[in-house]
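Dear colleague,

I am handing over the structure below, together with an account of what was found in it. Please read the notes beside the model as you go.

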Amino acid sequence: FPSHDKFSFKSTSFQKVNQNINFFKGDLTIKDVTRVVELDAEFLGENMHNGQKKVAFEIKGNVKREDFGLEYCSFNHANGAALREDIKIIANLEFSI
């Protein structure tokens, strides 16, 4: 995103299906448009820092550009510089518990 555009994610729930399958559900806002999304969450580990327990996750997911009012153009319409129809989200998050 250009520096003047903002995006945010506010988690509303966490679901642990089993040891390897977890999901974060929440409100994703891009350019003042908010949609509920579900993102895959991989548990990376836990540790203690300054007496506080921390857990880390890597979250991944795809969202459609059109759901947030963002344009995309195919390779044929962009003089070789294509934007995908989806936005791929990957983030490493750490939480204090």
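Of the 97 residues in the chain, 26% are buried, where buried means under 20% relative accessible area, exposed means over 50%, and partly exposed lies in between (1.4 Å probe, protein chains only). Please keep in mind that this is a predicted model, in which local features need pLDDT of at least 70 and side-chain atom pairs count only at pLDDT 80 or more, whereas totals for chains, interfaces and linings use all residues. Residues are numbered from 1 along each chain as its sequence is written, and side-chain values use heavy atoms, with hydrogens and water left out.

The chain has zero helices and five strands, strands being DSSP runs of E of at least two residues and helices runs of H or I of at least four, numbered from the N terminus. Among contacts (heavy atoms within 4.5 Å) between residues at least 6 apart in sequence, 37% join residues at least 24 apart.

Apart from neighbours within four places in sequence, V63 is in contact with L28, V37, F68, E85, D86, I87 and I89.

The lining of the largest pocket consists of 14 residues, with F7, F9, L28, I89 and A91 nearest the centre of the pocket. A pocket here is an open set of points on a 1 Å grid over the protein atoms alone, where a 1.4 Å probe fits, with protein on both sides within 12 Å along at least five of seven lines, and lining residues have an atom within 4 Å of a point. The largest share of this lining, six residues, comes from β5, and the lining divides into twelve nonpolar residues, one polar and one charged, where Asp, Glu, Lys and Arg count as charged, Ala, Val, Leu, Ile, Met, Phe, Trp, Tyr, Cys and Pro as nonpolar, and the others, Gly among them, as polar.

Finally, two salt bridges are found in the whole structure, each defined as a side-chain nitrogen of Lys or Arg within 4 Å of a carboxyl oxygen of Asp or Glu. One joins E46 and K53 at 3.2 Å, N to O, and K53 is partly exposed at 32% relative accessibility. K60 pairs with E58, their closest N and O atoms being 3.4 Å apart; K60 is partly exposed at 39%, whereas E58 is buried at 19%.

With best regards
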